[in-house]
Each structure stands twice: as structure tokens, then as C-alpha cells.
Amino acid sequence: MVQKEEQVSPFLVFFLIHAIQVGVGILGFQRIVIKSGGNDSWIAVIAAAIIVSAVIFILYTLLNRHQMDIIQIQKKLFGKYIGSLFGLIWIMNWILLTVTVLSSFVEIVEVWVFSTINIYVFAFIFILLTYYCLTGGFRVVAGICVLGTIIPMYLYLTFLFPLEHTHLRNLLPIWNHSIKEMGLATRDMSLSYLGFSSLLMYYPYIKNAKSSQKWAHFGNILTCLIYLFLMVITIGYFSEKQLSHHIWATLSLWKIVELPFVERFEYIGITSWVLMILPNICLLVWAAAEGIGKVVNIKQKKVLLIILLIVYILTIFMSGRERIDMMNNVSAKLGLFLLFVYIPVLSAYSFVWNKLKEKKK
Amino acid sequence: MFRTRKKDKTSAENKKAAETIQTVFNDLSASDDFKQSFVTNRHVTFCIGFYETLTEADILHKDILHNVQKAVSIEELTALLPFEDLKISEDVTLIQDALLQGSVCIHNSISNKQFCLVKAKSAKERQVAPPEVEFSVVGPKESFVESYQTNIHLIRKRLPISNLVVKERTVGRLSKTKVGVLYIEGIANKENYNTVLQRIEDLNIDQIADSSYLTQLIQDNQHSPFPQFIDTERPDRIAAVLGEGKVAIIVDGAPHALIGPTTIFEFFSAFEDYYLNWLVASFFRLVRFFAVLFSILVTPLYVAVLTYHYELIPKDMVSTLVTSRTAIPLPPILEALILELAIELLREAGARLPTKVGQTIGIVGGIVIGTASVEAGLTSNVLLIIVALAALASFTTPVYQMGNTIRLIRFPFLLMSHYIGLIGVAISFCFLLIHLLRLSSLGRPFLEPLFPLRVFDLKDALIRLPFKYQSKRPIQAQTEDTVKFNQSEAKHKNE
């Protein structure tokens, strides 16, 4: 059982969910979605948010039923060994997500801001930062999620600059894509919402966790609104063809920002984005470390060091567009499978299991 | 015959008295300022021992000696002496302690081992003067002095309620410093003052010279450059925060009192903020926060931009920057370090020198060295402006200790900015945020109300809302009684 001092208020789930959904993905999600969704992609943004909300609902029913984290639930349902094995898959998922986020960000920094940056040092400093954050416990992780959401908020204002050159007529005609295309777009879009599976680990760290569900949904809605806002501006600002050349459409939007004291605003944007990436990495690594701590009994600090070392090595190894793309694919598929297929099945299984147990009694 | 016998008796008594006294005063008389004198009146001989350097001669002459000449026994003497807390004791250590606190010890052989202790401490203390560190144009002009009594008097004067409790503890094996923990019973959280008391009791140290010793010894994280107790010299501030349910610590011999638990935002609120209109005060406070950010970030940003990110400079500003830097042989980081060091040298020299010389040094250093280094082509004048402004901005912090911290944490930022540019600045900023998140003051979060997010406490953090909205005590102190006053009644005005 988690001690009371380590627990956080239920409304912080709002930030925990939102902060982890908005990460590197937001800088370049438009291209992939628009490939199949075209000018209707904004519908896919909403559709994906609704699906994610449904998954959050399922997560909460599962967690509320057992009042423990996913590793313990699986151990309870499938026995010690198979349960732990499934737990390792989750942990792998989180580590993969971490590496994806970190290496994508390193790539963005390298391409956009700092072509001569020493990746080894940069990644190392980032890992050091994560270690410092995580040794503070879950409260500090939650804190960095709150600050990482609030402080970079001003960046959204800068997207008002491209609004001047946006043709909202591009949105018309509404719904000129087939259901299949929209389905694909929705699937691609839901990738940008991933990461909230860490809820499965931090659930016991929330006071009155049951009451936090609405906050989780609010967090998801805020993410949806931000994505929607960006998507509408992107559709209006770029033509479809033009967009296919922009891997990071959001960053390209910043190029139009003109301020009297700054010439290339994307530099400031990417620099501030460090504060948005940090919660992602911290929360994911925290979830992985906590998970391993639950599977095997090792000291949290040692686990942390091992995970961070793995993340560091993988991040350095995974530089280059193709490798990052490949890893994006793998982690996306794993994440999608776990959340949208495995979790509903697990939830149904746990429901039946519970019922059977009650009958036995 | 009778006469001689009597004489013998008295001399024998004297001898006896001297012996007993000797056992008590044994250790003390090694010091030359410890005086013993024998006063013989018509009935009996009294032996008086005291530290000449600790006692008030006036009290000794007028009140004590005068009455000693009349008294027959110690009992009678206690009735005669015009002092409220006379002690009679036979405990040797207690007597010695009392003597060292400025008491006068009176003894006569008839009353056996009984020693009468009279407090006659000479009060050599500074007058209560206007605050120097936390000066305010409006508002009370009192500040604490080095006397424990006077300091508590200044606070009690402002809070004449019985709930104001002072818990006294003694710290330091050598210095035996009196430390008072003040709180208002029924408002302050038990956990808060008990934590303070327990930490003070657990201290094992030979001496503490000032309240800043105590800050460093009992704060939550002793390795953090951020102080986790506010030190203030304003009794009005102490009275106000006691009312908010916080705990104050007064240390004997220290002109600064401590406040805890506190938040980072409290360090940037001058107490004058409460004496000004809320709009003005909020504006000043925002200026101060801006100044802090400016002071930390501006030089690193300059170094980062000029080392790596030329593209960031808008075209109208390029010419200004280029002309100021064309002839300079040093890389931006060295240029910045030299100037920052020069400013630190000036500050340090100014702080160590007497006021009048310090001013001269400031002028010589600031103007002459600054202009000369620009003319000599060692630094660019743009950077000179930036560094000077940053230094100025760091001095706006109302709490001196925090100002020092701000000046210190600028240097890691500077080095990181040289190493990995803007990203380095961002990462250093993240380090700072995480550090602040990890800090606590008496176990309460240091970054409150930002985290944990408490919207209600924002009324008095970045800005200060009008008093009528300050009807509740800050959540951070976890007070037992959260309501300061009834808000609806406060809003209502009778015409």
C-alpha cells in the first residue's frame, strides 16, 4: 500500500494525463493523419479522443475493481509467473515509448536548432535530469507534470500568428473521405494520445483514486482541444501536398511568427519544449521502474539506474531517421495493441473472474 | 572578655562562610572579572559574588548593597530586596549558571548552604532603530535588535493575546544561546511548531552566533542554495505571519528572526507590499519576479545566442550587436564571465569595506572599469548593459539571503549555455524547477501554490489581492483555524 504522504490529489490526474499525451508527437502529428484523413483529419482528432476516453473509462473500471496497479492485477489474475511476464511487456512498452520520445526530441534538436550538438552529452544530461527528478519520488514527477503543462502554455498563443494566413475554407467540404480512410486517420491520430497507460502504474498513488476519473477525462479533452486547434490551423495553413514535405508541421507553423526581438521563433519553441518532454520521460521511466520494483524485489534506485542506462544506450543507438521511424512503428503498434485490444480483454476477463470468485464464496 | 569572644565567633563564622563560598566559586574565581566581597553589618557578614562585567553596578549599589547592610539573614534579605524573581538555591551548577547570566549571589554562614540569587544583568544593547535591510518608505520603522527580551517585546506589543506562546530552548554547549519559538496557539499547526522544537532540541553544537546558524542547521535540505526559512528584521512582518499560522524563531543575540514554513514566493514579497495599494503592490511584485528571471537568464541567453544561434537575432538588431562585438578577441562565455566576476568583485569589495569607502569603490569600479574595459575592447558594451542590469535586478530581492542565491545559480546556467546553447539554458531551468519541487520547508512544499496547485493561495503569491479577499489563511501552513475574518462582513461598508 502506498503511504499517504506520497499520494497526490485526484485533480492532478488532469495534468498527469495531459502532460504525457502532449509530447514529441504534437510537433509532427499532422502529416501522418492528413495522409489518409485529408481535410477531414480534424474529425479523426475528435474520434480518437472519444476512443481514448472510452479506454480511460475501461482502465478506471479495471483499476477501481482491484484497487492496485496493473502488475499486481495481472499477477492476481494469471498467477505469479505469467502475470509477471505480462508485466514485463508493459514495462518494455514504457521503456520503448521513453526511447521513442527522447530520440525523436534529440533528432528535432539536432535538425532544427543545433546541428553540432553532441548527442551523447545531451542525452546524458537529459538522463541525469530524469534521475534527479525520479529520486524525488512520485510527488516530484507529478509536480514536473504540472509545471511542464503550465509554464509552456504561452507557446499556444504563438500559433495565433499563422492564423492570419490560414484559409479555413480548406476545411470544406466536410466528410469527403470514406469510412476506411477515416478509420486509418483515427488510428494514426490515437498514437498521439498514447502514454496515458502510465495511469495503470500511478493509480495507487492517487488519493480517492475513484474520484479522479473525471479529471482524467478532462485532461484528455484538453489534449483533444489543443490537437484540434493545431489541426485546424495546419489544414488551413498548408495545402495537403505541401504538408507531405513537412515532417514537423507544428514547427513549420512557427516559422511565420515574427517578433521584434526574435527572428526564428522555432528555436524558442523547441527550447521551451524541453519542459514538455521532461514530464513524458519522467513519468514513463517512473512507471517502468515502479513496474520492475513490483515484479522483482530490487531497490528502486538500482532499478532506476538500470532503466536509465538502457534508455541511454537505446537512445544513442536509435539515431537517424529510419531507425527512429522503425522504433516509432514498433512502439506505436505495441502501445495500440496493449491499450485498445489487451486492456478491454483483460477488463472483461477480470470481470468474469471476479464474478466466478463471488459465486464460489 | 565578651568582646573578644564575640570577635572570635564572627571571625570563625567568616571563615566558615568563606569556605562554603569557596566550594561554589571555585571554578569561577579563576577569572579576574569575578569579584567577591564581604559586607559586614551589625549582625552578620554577607559574602557577595558576581561577575563585574555582567552585572549592572547601579543595581548592585543602590538596591542590593543598600539592603544587604540592613538584613539579618537571607530570609530577611529576600523580603527586603525589591526584585520579583529571587531564587534561593543550594545547587552549585544552578548557581554558577545564574552567575554567568548576570546574577549576583549572596550568602551568609548562618543560613547554611543557602544562596540567594538576584538578577542584576547589565543590559548593554542597541536602541531599536529603523530597519536597514528591509527598509520601507511607509509602515512601521522598528527593527529587531540583539536582545531576546526586546525582540519578543516588539512582537508581543503587536499581538497582545494570551494565545501567543513562546517556547524557550537553550542551544549550544558553549554559547548557551536562548532560542524562542513563537506561535499562536489554536492557529498554528501543532506539527509545524513541534517539528521546529524537536529539531532545535536535537541540535548538538557548541555555539550559534546568529539566527542564520539556526537556518542552516534546522532547514529541511541543508545542501540547497535556497534558504528554507525567511529571515526578517521587521517585527510587523513576524506579527503578520504569526497571524497566518506560521512559526517564528527568535534567537538571543540575533537581530533577525526566522519564519517557517515558507514558500519561494514569500521570499519575493517585501513587507511593504501590504502597506501599498494592492494594484501598486502587485505590480511591484511582478516586477520583482521578472527581475529574478531576467537576472538568471539574460546573460546565459546572450552567451547561447552569440555562441550558437546567430539566426535568432532579428536583422535590425544584428548591426548593433556586430558593431559592439567586432573588435572583441574573447568568446562570449569568457567575456560574460569576466564581467560577471567584475560585478561580484565589486559587490564583495563593497560589502567588506566601510560604507564611505565602499561607495567610492562602487563608483570607481562601476564606471571606470566598465567604460575602460569597453574602450579597451575586452567586452562589448551590450553585454556590459546586460550584466549591469542583471546585477541590479538581483538586488531587488527583498530577502538578502535569496538575493545571494539568485546571484550564485546564474553561473551554472552560464556554463551550460556555453556548452549546449539554448537547450542548455532550458535544461538548467528544468534542474532548477526539479530542485525547487524537491525542496520543502518544515515538510511543507516549497513551490506552493504552484505545486501542489492551490488556486486559493495564489491570492498572495505572484500578485497581492485586496485584503478583503485575504480572508483565509494560506493552506500551506495547514493552520488549525483557517478563517482570518468573515469575508462578507469585511466587504460590507456602512455609509
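At what angle do helix H14 of chain A and helix H14 of chain B pack, and how far apart are their axes?

Modeller: This is a predicted model, and what follows should be read with that in mind. Helix H14 of chain A, residues 265–295, packs against helix H14 of chain B, residues 400–438, at an angle of about 30°, and the two axes are 9 Å apart. Because angles under 35 degrees count as roughly parallel, H14(A) is roughly parallel to H14(B). The crossing of H14(A) with H14(B) is right-handed. On the side of H14(A), the residues that meet the partner helix are A:Tyr267, A:Thr271, A:Ser272, A:Val274, A:Leu275 and A:Leu278, and they face B:Leu422, B:Ile423, B:Ala426, B:Ile427 and B:Cys430 in H14(B). Sorted by class, the residues of this contact are nine nonpolar and two polar, with no charged residue among them.

The contact of H6(A) with H14(A) has nine nonpolar residues, one polar residue and no charged residues.

Elsewhere in chain A, one backbone detail deserves a careful check: A:Trp175 has a positive phi of about 60° although it is not a glycine. A:Trp175 sits in the loop between helix H8 (154–157) and helix H9 (179–191) of chain A. Most residues other than glycine have a negative phi, and most peptide bonds are trans.

Turning to the other chain, chain B is divided into domain 1 (12–119), domain 2 (148–262) and domain 3 (277–445). Taken over C-alpha atoms, the centres of domain 1 and domain 2 of chain B are separated by 35 Å.

One open sheet of chain B has five strands in the order E1-E2-E4-E5-E3, with antiparallel pairing. Strand E1 (34–40) and strand E3 (87–89) of chain B stand at its edges with a single partner strand each, so one side of each is left without a neighbour in the sheet. On average, and with direction ignored, neighbouring strands of this sheet are turned by 25° against each other. At one end of that order, E3(B) pairs with strand E5 (residues 115–119) of chain B in the antiparallel sense over three bridges, and B:Ser89 has B:Phe115 in E5(B) as its bridge partner. Helix H4 (residues 92–100) of chain B lies across strand E2 (45–51), E3, strand E4 (103–108) and E5 of chain B, and it runs at about 135° to E4(B).

Another open sheet of chain B, again of five strands with antiparallel pairing, has the order E6-E7-E9-E10-E8. Its edge strands are strand E6 (164–171) and strand E8 (230–232) of chain B, each of which pairs on one side only. E6(B) pairs with strand E7 (residues 177–184) of chain B in the antiparallel sense over eight bridges, and the bridge partner of B:Leu164 in E7(B) is B:Ile184. Helix H6 (residues 190–201) of chain B lies across E6, E7, strand E9 (247–251) and strand E10 (257–260) of chain B, and runs at about 170° to E7(B).

Finally, chain B has a cis peptide bond between B:Glu448 and B:Pro449, with omega of about 5°, and a cis peptide bond between B:Phe451 and B:Pro452, with omega of about -5°. B:Pro449 is found in the loop between strand E12 (444–445) and helix H15 (487–491) of chain B, and B:Pro452 lies in the loop between E12 and H15 of chain B.

Definitions and conventions:
Residues are numbered from 1 along each chain as its sequence is written. Chains are lettered from A and ligands numbered from 1 in the order in which they are written. This is a predicted model: local features need pLDDT of at least 70, side-chain atom pairs count only at pLDDT 80 or more; totals for chains, interfaces and linings use all residues. Axes are lines fitted to C-alpha atoms, for helices over the stretch in contact, and angles run from 0 to 180 degrees between N-to-C directions. Helices (H or I, at least four residues) and strands (E, at least two) are DSSP runs, numbered from the N terminus. Angles under 35 degrees count as roughly parallel, over 145 as roughly antiparallel, 65 to 115 as roughly perpendicular and the rest as oblique. A crossing is left-handed if the near helix is turned anticlockwise from the far one by less than a right angle, and right-handed if clockwise. Two residues are in contact if their C-beta atoms, placed from the backbone, lie within 7 Å. Ala, Val, Leu, Ile, Met, Phe, Trp, Tyr, Cys and Pro count as nonpolar, Asp, Glu, Lys and Arg as charged, and the others, Gly among them, as polar. Domain bounds come from an automatic or database domain assignment. Two strands pair if DSSP finds at least two bridges between them.
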